Amino acid sequence: MADLKPRRTAAPNDYCDFCLGDAVKNKKTNKPELLISCADCGRSGHPTCLQFTPSLTGVVLQYRWQCIECKSCGICGTSDNDVNSPLSYHLCLTNCFDYCPQDQLLFCDDGDRGFHMFCLNPPMQQPPEGRWSCKLCLRSQ
């Protein structure tokens with residue numbers, strides 16, 4: 001996987017970026033709820049505000065979770081916006097030139113990790129229909 005060198009974890013925000021509540025009170029539900037924080041930027045959210053299922057919440061609490069703005073490929077470590085990455089100049093399998101769906105991150109429905117379709121083994125040429133789970137989540141089931 002991508003973490004070649006240890007990265008520092010950002011200090012977590014003590015409020016939800018969505019409802020502006022805290023761990024004591026989710027302002028949408030008026031109930032206490034833990035906050036999940038991005039390891040890279042520290043932004044936080046309640047699982048219900050993030051629309052995470054209890055199962056998904058349990059998985060993301062076990063690894064260095066990234067918010068949608070910070071999400072990077074779990075294999076190469078770059079995001080779809082990293083234009084200076086050598087992987088951004090990959091041979092496009094669909095010869096689409098203007099817009100390449102392989103540059104976009106595919107998100108695991110069971111673990112919320114991101115992956116470039118061309119980084120997977122074997123590479124994917126088209127995004128899957130419906131739900132998709134990465135090999136890490138399939139192995140842990």
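# Exercises on a predicted model

S140 has its place in helix α2. This is a predicted model, in which local features need pLDDT of at least 70, side-chain atom pairs count only at pLDDT 80 or more, and totals for chains, interfaces and linings use all residues. Residues are numbered from 1 along each chain as its sequence is written, and side-chain values use heavy atoms, with hydrogens and water left out.

## Exercise 1: S140

Task: State whether S140 is buried or exposed, and find how far its C-alpha atom is from that of V59.

Solution.
Step 1. Use the cut-offs: buried means under 20% relative accessible area, exposed over 50%, and partly exposed in between (1.4 Å probe, protein chains only).
Step 2. S140 has a relative accessible area of 61%, so S140 is exposed.
Step 3. S140 and V59 are 81 residues apart along the chain, and their C-alpha atoms are separated by 10.0 Å.

## Exercise 2: The overall layout

Task: List the elements of the protein from the N terminus on, and describe its burial and its contacts.

Solution.
Step 1. Helices (H or I, at least four residues) and strands (E, at least two) are DSSP runs, numbered from the N terminus.
Step 2. The protein has two helices and four strands, in the order β-β-α-β-β-α.
Step 3. Of the 141 residues in the protein, 40% are buried.
Step 4. Contact means heavy atoms within 4.5 Å. Among contacts with a separation of 6 or more, 52% come from residues 24 or more positions apart.
Step 5. The protein exposes about 9,100 Å², and carbon and sulfur atoms supply 54% of this area. Accessible areas come from the Shrake-Rupley method with a 1.4 Å probe; for residues, only the protein chains shown count as cover.

## Exercise 3: Aromatic rings

Task: Find how many aromatic pairs the whole structure holds, and describe each pair.

Solution.
Step 1. Rings of Phe, Tyr and Trp (its six-membered ring) pair if their centres lie within 6.5 Å; planes under 30 degrees apart count as stacked, over 60 as edge-to-face and the rest as tilted.
Step 2. A search of the whole structure finds two aromatic pairs.
Step 3. F52 and W65 form an edge-to-face pair, with 6.0 Å centre to centre and 85 degrees between the planes. F52 is in the loop between β2 (44-45) and α1 (54-60), while W65 is in the loop between α1 and β3 (105-107), 13 residues apart.
Step 4. F52 is buried, with a relative accessible area of 13%, and W65 counts as buried at 6%.
Step 5. F115 and W132 also form an edge-to-face pair, at 5.9 Å centre to centre and 75 degrees between the planes. F115 lies in strand β4 (residues 114-116) and W132 in the loop between β4 and α2 (135-140), so this pair ties together parts that are 17 residues apart in sequence. Both F115 and W132 are buried.

## Exercise 4: S133

Task: Place S133 in the chain and name the residues that S133 touches.

Solution.
Step 1. S133 is found in the loop between β4 and α2.
Step 2. The relative accessible area of S133 is 18%, so S133 is buried.
Step 3. Not counting residues up to four places away in sequence, S133 touches C108, D110, L138 and Q141.

## Exercise 5: A11

Task: Locate A11 and give its C-alpha distance to G42.

Solution.
Step 1. A11 is in the segment before β1 (36-37).
Step 2. A11 is exposed, because its relative accessible area is 61%.
Step 3. A11 and G42 are 31 residues apart in sequence, and 5.3 Å apart in space, C-alpha to C-alpha.
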